Amino acid sequence: MLTLYDYSLSGNCYKVRLLLSLLRVPYTRVDVDIKKGESRTDEFLNNVSSNGKVPTIVIPYGYEHLKRKTDESIDSTSSNNYAESRSDNNSKDNGKGTRLSESNAILIYLSLNTPLLPSNPIEHAQVMQWLFWEQYSHEPNIATLRWWISYLDKSEEPEYLDRIVEKQRSGYEALNVMEKHLESRKFFVGNRFTIADVSLYAYTHCGFSIESFPKVKEWLRRVEEQPGHIAMDD
Ligand SMILES: N[C@@H](CCC(=O)N[C@@H](CS)C(=O)NCC(=O)O)C(=O)O
């Protein structure tokens, strides 16, 4: 079974829990309290993530999470290859399996061979486009500000004031990009639900106020209607 190293307040971790639920993949959840420094212990750095971050999953050697092939499938013949996993020293977990970090990389791994990752080359690349955009233009602003204000209480600290204003500006810029894209679409890629939506949903639904982004608001509801959807605190 897969193991997920997780932190309940993290949107990056929620992306993974949400996708596992949508795909109905069983897993073992290990809570890591990052506020208490549990992701920075020697044990965690040596055995789970050398970068000291969650989410990280451990994929048991020989694991095949989804055998089903659909019309949407892409060829992933080496994705679960036992020999390949064993030969990758950087991703070993003391003989337990292959470690995989970075929320969006985990989403890609889990959604291979499912309709949530299109096989059409253009749509596939467009999903990647939104995943990279999420990590560069969305999450660093919306998620970071949420963390500073709601969990680290930085809003009154003078050295944070300019940085907060800048994160707010860039975060709203990202929401504007989403609003414009959704003016003529139901979902981010190919007019159907994909991991681009899963990834973007995670921090959009709990970050900034979206009152002045009606298309984003409607899209959030559509994501919430997907069978298997779970809330962040489920
Ligand atoms: N780009 C990474 C970001 C991972 C990340 O920053 N994780 C945070 C929680 S959201 C963390 O583990 N922080 C603990 C630490 O830095 O000590 C991803 O998408 O997974």
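Which residues surround the ligand, and which of them are the closest? The shell holds 14 residues, and the closest are Ser10, Asn12, Ile34, Lys53 and Ser103. A residue counts as near when its C-beta atom, placed from the backbone, lies within 6 Å of the molecule. By class, this shell has 4 nonpolar, 7 polar and 3 charged residues. Nonpolar here covers Ala, Val, Leu, Ile, Met, Phe, Trp, Tyr, Cys and Pro; charged covers Asp, Glu, Lys and Arg; the others, Gly among them, are polar.

The model is predicted: local features need pLDDT of at least 70, side-chain atom pairs count only at pLDDT 80 or more, and totals for chains, interfaces and linings use all residues. Residues are numbered from 1 along each chain as its sequence is written.

Start with the layout. The chain has 8 helices and 4 strands. These are DSSP runs, numbered from the N terminus: H or I over at least four residues for helices, E over at least two for strands. Along the sequence the pattern reads β-α-β-α-β-α-β-α-α-α-α-α. Of the 234 residues in the chain, 35% are buried. Buried means that 20 or more other C-beta atoms lie within 10 Å of the residue's own; exposed means 12 or fewer, and partly exposed falls in between, with C-beta atoms placed from the backbone. Take the contacts between residues at least 6 apart in sequence: 73% of them join residues at least 24 apart. A contact needs two C-beta atoms, placed from the backbone, within 7 Å.

Now the strands. β3 spans residues 56-60 and is mostly covered, with 4 of its 5 residues buried. It pairs with β1 (residues 2-6) in the antiparallel sense, over 3 bridges. Pairing requires at least two DSSP bridges between the strands. In this pair, Thr3 stands opposite Val58 of β3. β3 also pairs with β4 (residues 97-101), again antiparallel. That pairing runs over 5 bridges. Here Ile57 faces Leu100 of β4. The peptide bond from Val54 to Pro55 is cis, with omega near 5 degrees. Pro55 sits in the loop between α2 (42-47) and β3.

Ile57 leads on to the nonpolar core. The largest core has 48 residues, and Leu19, Ile57, Ile195 and Ala196 have the most contacts inside it. Such a core is a set of buried Ala, Val, Leu, Ile, Met, Phe, Trp, Tyr and Cys residues joined through C-beta atoms within 7 Å. The elements giving two or more residues to this core are β1, α1 (11-22), β3, α4 (103-111), α5 (121-151), α6 (158-182), α7 (195-204) and α8 (214-224). Domain 1 (2-111) and domain 2 (121-224) both contribute residues, so the core lies between them. The domain bounds come from an automatic or database assignment.

Helix α7 deserves a look. Why is it described as largely enclosed by the rest of the structure? Because 10 of its 10 residues are buried. Among them are Ile195, Ala196, Asp197 and Tyr203. The cover over these buried residues includes α1, α4, α5, α6 and α8. Leaving out residues up to four places away in sequence, Ala196 touches Val127, Trp130, Leu131, Phe188 and Val189.

Asn191 lies in the loop between α6 and α7. Its phi is positive, about 55 degrees, although it is not a glycine. Asn191 counts as exposed, with 11 C-beta neighbours inside 10 Å. Gly207 is buried, with 22 other C-beta atoms within 10 Å. Beyond four places in sequence, Gly207 contacts Ile142, Ala143, Arg146 and Gly171. Gly207 and Leu145 are 62 residues apart in sequence, yet 8.0 Å apart from C-alpha to C-alpha.

Leu182 belongs to helix α6. With 19 other C-beta atoms within 10 Å, Leu182 is partly exposed. It touches Lys215, Val216 and Trp219, not counting residues up to four places away in sequence.
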